[in-house]
Amino acid sequence: MDLKSHEPFWLVKNGLLSTYPSLHKDESCDILIVGGGITGALIAHQCMSEGLKCILIDKREIVNGSSAATTSMLQYEIDIPLYRLKELIGTEAAVACYQACSQAIDKLGKLAQHIDSEAGFRKKHSFYYASRKKDVANLLKEYHARQSAGFEVNWLSEQEIKHKFDLTGAYGGILSKQGASIDAFCFAHELLKHNTQKGLKIYDKTELIRVINKKQRTVAVLSTAAKIATKKIIYCTGYETTELIPEKFVELLSTFAIVSEVDETLYNSYQDLLIWNTAQPYLYMRTTDDGRFLIGGEDEPFKDPIKRDNLIDQKSHKLEKSFNKIFNKPFYCDFNWAGTFGSTKDGLPYIGEHKKFKNAYFVCGFGGNGITFSVTAMEMVSCWLNRKDHALSKCFRFGR
Ligand SMILES: Cc1cc2nc3c(=O)[nH]c(=O)nc-3n(C[C@H](O)[C@H](O)[C@H](O)COP(=O)(O)OP(=O)(O)OC[C@H]3O[C@@H](n4cnc5c(N)ncnc54)[C@H](O)[C@@H]3O)c2cc1C
């Protein structure tokens, strides 16, 4: 599967941060992590912290899947509003999912500090606004649901939004205290490098082809003809997990993003804010740590990479026009790209075991909260490795 177009901004901005060898001799470990994106980096960090002998492999260069294309908005808000999630899975579980995403943001911030990250982690407020008058009633319902669940939120009217943020076409919105952003490409590289210094072995251009389950151990057969004997495999294979698991559990679509030239005025006005709206598909916006403005959206319900990449210019133009309307300013585009995105029936990820895979866990942090879900998965994996249950196992399990 081709996960992204060729030049997402982060790849160009950071260049090739580190490179690893492919594996050509047999190895053994406690935990084999398959996939070296942001999820694999976080899970590898967790397993290394547990004192386990870990190997991570990736079939591409490291961090060259979706994590190179992500816009990395870190939100406690899930793609499905809290009031609707409560109807789907019950109040307690829905609030727990929102709270887990909120805690994940702070956990990621602490981790960034711990490894002296230069990936620009920055706490921001998050603003979710009604882009159509008819969306205001449901957004108010959502505001009350979040308020009664204890989240720090304020309601802004159309006039207040104009006054505070100078946005046009925003008919009311929820301003949340919790949120952040990061350069996930850079952070995943940093975290992996940090752990190689502690003994993590990483091999890129090394694909998992087949798994043989023996009595005492599991053997991973690789594209390089080498084998890895391991106690557990943790699949952090992103959207390509759909090629492994027979049943359909996620809708794959294409999303588009553009990044402006460095713009001091725009940066100064919106550097502490994540913005998204109720349009369908929704628009998501933020500044980057190097002073640019980023907008994503214009999703299309297919994943065909040729069709997707042929649309990049047209979609960029549409995103620019949306920017012009909302901010009454021109947008000077420097970079544009497209990537595969995933949407699940309840906005929640799939994290856990799958009955067809022995000695394995999957961490599929899909949707607009892919990254925060993967942070939550660190704690979940830790519980399972220590033979404990985790409160969110049921909410995120396969076959739910
Ligand atoms: C444009 C865009 C905007 C987004 N915005 C946000 C956002 O604002 N906030 C947010 O939280 N999320 C966002 N997402 C989603 C987020 O990017 C993903 O959830 C996240 O990057 C997934 O990381 P990952 O490590 O699970 O997957 P990936 O980064 O895709 O990594 C999976 C890795 O597994 C490897 N792999 C697959 N199969 C094998 C195999 N058999 N053997 C070896 N290696 C294998 C792949 O090569 C790949 O490198 C966005 C995504 C896109 C495309």
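Partly exposed here sits between buried, under 20% relative accessible area, and exposed, over 50%, using a 1.4 Å probe and protein chains only.

A quick word on what you're looking at. This is a predicted model, where local features need pLDDT of at least 70 and side-chain atom pairs count only at pLDDT 80 or more, while totals for chains, interfaces and linings use all residues. Residues are numbered from 1 along each chain as its sequence is written, and side-chain values use heavy atoms, with hydrogens and water left out.

Back to Arg217. You'll find Arg217 in the loop that links strand S10 (208–213) to strand S11 (218–222). Strands are DSSP runs of E with at least two residues, helices are runs of H or I with at least four, and both are numbered from the N terminus.

Now for a contrast. Is Pro349 buried or exposed? Pro349 counts as buried, because its relative accessibility is 0%. Pro349 also lies in a loop, this one between strand S17 (333–343) and strand S18 (350–354). From Pro349 to Leu85 is 264 residues in sequence, yet 13 Å in space, C-alpha to C-alpha.

Finally, let's zoom out. The protein chain has twelve helices and 19 strands. Of its 400 residues, 60% count as buried. Along the principal axes, the C-alpha trace of the protein chain spans about 65 × 45 × 40 Å. Thanks, everyone!
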